[in-house]
Amino acid sequence: MPRNPQPKFESWGRYPKLEADLVPLHWTTDFPLRHSPTTKILPVGAGRSYGDVCLLEHGTLLKTRGMDRLLHFNPETGVLRCEAGATLAEILDFAVPRGFFLPVTPGTKYVTVGGAIANDIHGKNHHIAGTFGCHVPRFELVRSDGAHFECSPTENADWFSATVGGMGLTGLITWAEVRLRPIVSRKIQYKGTKFVGIDEFVALSKAAAHSEYTIAWIDCIATGNNFARGIFMQGDHSQQPEPLKRSKEPWLMLPLDVPEFALNRFSIGLFNTLYYNRQWSKEKNALVDYEPFFYPLDCLLHWNRMYGKSGLLQFQCVLPWEDGQQMGIIKILKTITASGLASFLAVIKVFGDAPSPGMLSFPMPGITLALDFPIRSDISFDLLHRLADIAQEHSGRMYPAKDARMTAGQFQSFYPQWQSFSRYIDPTFDSAFWQRVTAHG
Amino acid sequence: MAKLPSRVLVLGATSAIAAGVMRPLAEQGARIYLVARNPEKLKAVASDLQTRGAGAVFPHVMDLDDTAAHEAMLTEAAAKLETIDLALIAHGILGAQEQAQADYAAAEAILRTNFLSAVSLITWLANYFESTHQGTLAVISSVAGDRGRKSNYVYGSSKAALNTFLDGVRNRIDRSGVHILTIKPGFVSTPMTAHLPQSALFAHPATVGRGILKAIEKRKDVAYVPPMWAIIMFIIRSVPDSIFKKLNL
């Protein structure tokens with residue numbers, strides 16, 4: 001297997017920047033490699049996680065995108081078997097014209113199936129459908145010693161639960177099955193409702209629990225009477241049959257890094273105010289295509305260049321329900337508004353009770369909050385550290401796929417099962433994230 | 001727009017560029033006869049095309065260097081497909097230039113796979129298409145055949161010979177209603193180029209596949225894919241030898 005000494009592989013947050021060798025895999029039989037590298041290895045899909053779960057300094061990254069074949073589809077059950085490097089975009093191109101849709105989708109369709117399993121991703125329907133791993137009946141795991149495991153919730157169940165949410169550390173996922181769900185239209189029946197405050201958000205979430213998709217955008221800059229204002233969005237697949245065409249390819253790309261001074265409290269505050277006022281009335285109903293509903297940013301390729309070349313930091317936590325007011329979430333929002341660091345896209349959602357299938361899966365019942373920050377040296381890092389502390393105080397946890405800064409102590413308190421998980425790690429595998437959160441001292 | 005071909009023979013079916021051509025055809029229900037050397041990889045490709053909606057797939061494992069076995073395979077393909085609308089020749093090796101310039105045996109292996117085996121296939125297919133007065137013969141060549149460069153002139157000359165051979169075949173049978181397409185891809189991200197540092201010039205095989213299908217529909221003679229390579233190669237061909245010989249290309 002030829003080696004490709006390119007340093008420039010970045011995660012979507014473009015922070016941290018770590019050098020590694022890249023070895024592309026094109027066939028499920030390419031692994032184990034014929035010439036074992038002398039370094040540790042880590043499989044990586046589309047590189048759409050934000051921090052360092054898909055990075056390994058001075059290591060060898062196995063790029064799985066070449067393994068993108070669809071292997072079998074059963075229209076009776078909706079189960080699609082495909083190689084792990086296929087993206088959700090490619091699955092949608094295949095599935096939508098046939099009247100099927102993803103069971104769970106994150107906010108971008110440019111992730112691979114392998115990555116979706118390895119991070120046990122979630123979407124706007126978590127309160128009904130659980131995580132992506134809940135809809136994966138089976139996959140194959142190949143270890144560096146050549147052992148092959150077919151894993152399902154009942155067969156090699158321990159390998160299944162270690163690998164779902166296992167951040168690529170347990171071996172290479174070569175193929176997987178995904179149970180698609182039927183649709184009759186591309187359209188989503190959408191309803192947007194303005195709210196102010198976390199109590200109102202919680203009330204709206206409870207009232208909309210029957211809606212398949214719910215999410216809220218929240219303004220992290222506004223203070224005073226406007227504190228925690230936002231738009232609660234809910235949607236269901238339209239039941240009106242209509243022709244199911246495949247999506248067009250996006251053509252809009254952010255070609256260059258935006259200079260970092262362009263993103264400041266003023267410009268982001270203006271964006272937030274405009275966004276909040278994009279609907280005048282308290283409530284708005286519309287029939288919208290699934291692309292802007294699920295993937296508002298996918299139409300702008302390389303949108304991460306918006307944050308300049310130093311990149312962005314993500315923060316996502318989930319806090320369990322609290323009796324009375326959701327003090328933890330309120331405290332986090334107050335800390336952010338007080339910091340002066342602005343976030344474009346803060347979203348908040350209620351997670352449901354469906355148990356996550358992975359040992360290290362992130363979702364649990366409660367409220368999850370996700371936001372991004374430009375990197376402004378120590379201010380950003382200090383803020384993230386304080387937010388992680390609040391999450392810890394309120395018995396919550398943070399999402400590894402969106403993290404670049406949590407400490408070993410924080411991770412180990414969020415995921416006390418990490419030691420039993422570590423027995424399943426392939427001895428030749430490692431990641432920058434894992435090194436960081438298991439470091440001593 | 002002309003109708004896409006529906007009975008397709010692909011030689012070198014595990015090539016990444018071939019996948020870019022075959023997937024849209026499979027989605028339209030094409031019947032596809034697939035020839036490749038590695039049975040496991042061929043099985044994965046066949047499953048992919050079947051899943052995407054191919055009317056039928058006929059995988060055939062063989063080493064295309066074995067020219068003596070070409071006729072039997074081609075005859076079977078024509079019988080299984082009933083008639084061939086499109087034959088795509090996609091197999092080839094890059095070889096190692098340093099080895100090939102040091103050792104004739106290595107150079108010969110490159111010429112055998114990229115030129116001689118293709119000549120054997122084209123000879124049979126050209127006569128087949130000429131007798132049926134229809135069909136497209138599309139052959140994946142390379143921009144490397146446009147001018148010899150020190151970094152890959154053995155590979156490049158195998159493709160240059162192929163281009164000249166195809167020019168002649170086109171001149172002979174275009175008048176019979178047969179379309180001969182010479183495809184010249186630039187850098188494409190495939191297993192063949194995985195060891196090279198990838199730059200912005202590298203195209204995705206799916207993009208290249210769409211470009212090839214467009215060239216088939218438009219009945220082009222020679223197609224650079226992506227099209228910007230026509231400009232790049234025009235410039236490279238225009239440099240006088242007195243200067244070119246001193247460049248590091």
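**Figure 1. In chain B, helix α5 passes helix α6 in a right-handed crossing.** Right-handed here means that the near helix is turned clockwise from the far one by less than a right angle, and left-handed that it is turned anticlockwise. This is a predicted model, so local features need pLDDT of at least 70 and side-chain atom pairs count only at pLDDT 80 or more, while totals for chains, interfaces and linings use all residues. Residues are numbered from 1 along each chain as its sequence is written, with chains lettered from A and ligands numbered from 1 in the order in which they are written. The axes of α5(B) (residues 104–132) and α6(B) (residues 153–173) come within 9 Å and cross at roughly 15°. That makes the two helices, α5(B) and α6(B), roughly parallel; angles under 35 degrees count as such, over 145 as roughly antiparallel, 65 to 115 as roughly perpendicular, and the rest as oblique. Axes are lines fitted to C-alpha atoms, for helices over the stretch in contact, and angles run from 0 to 180 degrees between N-to-C directions. Helices (H or I, at least four residues) and strands (E, at least two) are DSSP runs, numbered from the N terminus.

**Figure 2. A look at the residues between α5(B) and α6(B).** On the α5(B) side, the residues that meet α6(B) include B:Ile110, B:Phe115, B:Ile122 and B:Phe129. From α6(B), B:Tyr155, B:Leu162, B:Phe165 and B:Val169 are among those taking part. Contact means that the C-beta atoms of two residues, placed from the backbone, lie within 7 Å. Sorted by class, the contact of α5(B) with α6(B) has 16 nonpolar, two polar and two charged residues. Ala, Val, Leu, Ile, Met, Phe, Trp, Tyr, Cys and Pro count as nonpolar, Asp, Glu, Lys and Arg as charged, and the others, Gly among them, as polar.

**Figure 3. Helices α1 and α7 of chain B also make a right-handed crossing.** Here the axes of α1(B) (residues 16–27) and α7(B) (residues 205–217) come within 7 Å and cross at roughly 60°. The pair α1(B) and α7(B) is therefore oblique. B:Ala16, B:Gly20 and B:Pro24 are among the α1(B) residues in the contact, and B:Pro205, B:Gly209 and B:Leu213 are among those from α7(B). The contact of α1(B) with α7(B) has ten nonpolar, two polar and two charged residues.

**Figure 4. Three strands of chain A form an open, parallel sheet in the order β1-β3-β2.** β1(A) (20–24) and β2(A) (41–44) stand at the edges with a single partner strand each, so one side of each has no neighbour in the sheet. Neighbouring strands of this sheet are turned by 30° against each other on average, direction ignored. Four bridges link β2(A) to β3(A) (residues 59–63) in the parallel sense, and A:Ile41 has A:Thr60 as its bridge partner in β3(A). Strands count as paired if DSSP finds at least two bridges between them. While you're here, look at the loop between β1 and β2 of chain A, where A:Pro32 sits: the peptide bond from A:Phe31 to A:Pro32 is cis, with omega near 0°.

**Figure 5. Five strands of chain A make an open, antiparallel sheet in the order β4-β5-β9-β7-β8.** At its edges are β4(A) (70–74) and β8(A) (148–151), which each pair on one side only. The twist from one strand to the next averages 10°. Zoom in on β7(A) (residues 138–142) and β9(A) (residues 172–179), and you'll find an antiparallel pair with five bridges. A:Glu140 has its bridge partner in β9(A), namely A:Trp175.

**Figure 6. Strand β11 of chain A pairs antiparallel with β13 of chain A over nine bridges.** In this pairing of β11(A) (residues 187–196) with β13(A) (residues 229–237), A:Thr193 has A:Phe232 as its bridge partner. Seven bridges join β11(A) to β15(A) (residues 283–289), again running antiparallel, and A:Gln189 is partnered with A:Leu287. In the loop between β12 (213–218) and β13 of chain A lies A:Ala228, a residue other than glycine with a positive phi, near 60°.

**Figure 7. A cis peptide bond joins B:Val225 and B:Pro226.** Omega is about -15° for this bond. B:Pro226 lies in the loop between β7 (222–225) and α8 (228–238) of chain B.
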